[in-house]
Amino acid sequence: MDRFIEIKNLVKDFYGRGLLNRRKPALRAVDRVSFNIDRNTVFGLVGESGCGKTTLVRSILYLDPPTSGEIRVDGVSLDNLSSRQLRSFRKRMQIVFQDPNSALNPKMRIDASLAEGLVNRGFPAVERDRRIRRLLGLVGIASAHRSRFPHEFSGGQKQRIVIARALCMEPDFLVLDEPVSNLDVSIQAQIINLLLDLKKELALTYLFISHDLNLVVYFSDRLGVMYQGRLVELASADQIMRNPCHPYTRKLFSSVPGKQTDIEEDDDSGPVSSGGLKAARSLAGCPYADECPIGDRECSEEEPVLVEITAGHRVACFKA
Ligand SMILES: Nc1ncnc2c1ncn2[C@@H]1O[C@H](COP(=O)(O)OP(=O)(O)O)[C@@H](O)[C@H]1O
Ligand code: SF4
Ligand SMILES: [Mg+2]
């Protein structure tokens, strides 16, 4: 396999400012995360709302650089790049978010939205038009509709347009941050299949994020299960399906797909719902100890680290 991205010990802390400008304790949104993504594969990242998935990918893309740790793409550490190199680098990496409505300017016809990136890349009008037609064709939008406004399309169509726009830059890496979570189940399958077709046709590499483990297993080659900022299980989709080892992974399999536990974003005063984060959580012990049906005293005193249990399958649990 051809290694594309290597992420080592990534940490992202947020600092809040409290009353009287006191620097509040850090919220560790991403906690020592390491994994690799091979070229032309899909790496899935799963975990419930608030566990740090978006923060992690924003760090990987250097939209909000990590507090510590290392990201290497094609063997090059992003930390060593100048801001100019980083900009040209970022064009290779595009991100598609959950909500196509906030991604598209409602006052802009979709051909104008798509043209923006192409103008930046210096293409003349005729070539832009040719590329826009081709991109819309790739994502299944009739090019006759290219001068319509976003509100004239359905949710699924809008997400197709957002995907087309991401492809304008001819990226080789796409981050898909819950790209189908806002869509009806019937439309979800269409977009997922479109993404799989595009990956094959354009030789793309994906980092796919979802809170729905069943979807991630279907879509991904390898995947990581995230809980409170940490990876608790890392394996191939096949291994997770046949033998989910972490108690949290098993819980995700048994929970109803599409059902999300939200946490209160600004309340960092104490424990929050399961997969979310506790502010300045003690680093001792297993983060899942409070909820785990099989945990014991050792679990709250010592921290389990990812250990390989079979080739390529790592679990952070004493009882795995
Ligand atoms: N810019 C920020 N400043 C402070 N806290 C943040 C910021 N962005 C995210 N967080 C917090 O980090 C945690 C992880 O959030 P996020 O990465 O959005 O989770 P997910 O994408 O898994 O739902 C949450 O507790 C969230 O409130
Ligand atoms: S280490 Fe202990 S508390 Fe943590 S998941 Fe495993 S059994 Fe449960
Ligand atoms: Mg998110």
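## Helix α6 against α7

Helix α6 passes α7 in a right-handed crossing. This description rests on a predicted model. The two helices pack with their axes 10 Å apart, at an angle of about 20°. Because angles under 35 degrees count as roughly parallel, α6 is roughly parallel to α7.

The contact between the two helices involves Gly 155, Gly 156, Gln 159 and Arg 160 on the α6 side. Their partners in α7 are Ile 187, Gln 190, Ile 191 and Leu 194.

Helix α6 covers residues 155–167, which is 13 residues. From its first C-alpha to its last the helix reaches 19 Å, close to the 18 Å expected at 1.5 Å a residue.

Most of α6 is covered, with 12 of its 13 residues buried. Among the buried residues are Lys 158, Arg 160 and Arg 165, as well as Ile 161, Val 162 and Ile 163. The elements that cover the buried residues of α6 include the helices α3 (100–103), α4 (110–120), α5 (125–138) and α7 (185–202). Strands β6 (93–96) and β7 (173–177) also contribute to this cover.

## The sheet

Eight strands form an open sheet with mixed pairing, in the order β6-β7-β8-β3-β9-β10-β12-β11. At its edges lie β6 and β11 (307–310), each of which pairs on one side only. From one strand to the next, the twist averages 20°.

Within this sheet, β3 (residues 42–46) and β8 (residues 205–210) run parallel and are joined by 5 bridges. Val 42 stands opposite Tyr 206 of β8.

Key:
Residues are numbered from 1 along each chain as its sequence is written. Chains are lettered from A and ligands numbered from 1 in the order in which they are written. This is a predicted model: local features need pLDDT of at least 70, side-chain atom pairs count only at pLDDT 80 or more; totals for chains, interfaces and linings use all residues. Helices (H or I, at least four residues) and strands (E, at least two) are DSSP runs, numbered from the N terminus. The expected span of a helix is 1.5 Å times one less than its number of residues. A residue is buried if 20 or more other C-beta atoms lie within 10 Å of its own, exposed if 12 or fewer, and partly exposed in between; C-beta atoms are placed from the backbone. Two residues are in contact if their C-beta atoms, placed from the backbone, lie within 7 Å. Two strands pair if DSSP finds at least two bridges between them. Axes are lines fitted to C-alpha atoms, for helices over the stretch in contact, and angles run from 0 to 180 degrees between N-to-C directions. Angles under 35 degrees count as roughly parallel, over 145 as roughly antiparallel, 65 to 115 as roughly perpendicular and the rest as oblique. A crossing is left-handed if the near helix is turned anticlockwise from the far one by less than a right angle, and right-handed if clockwise.
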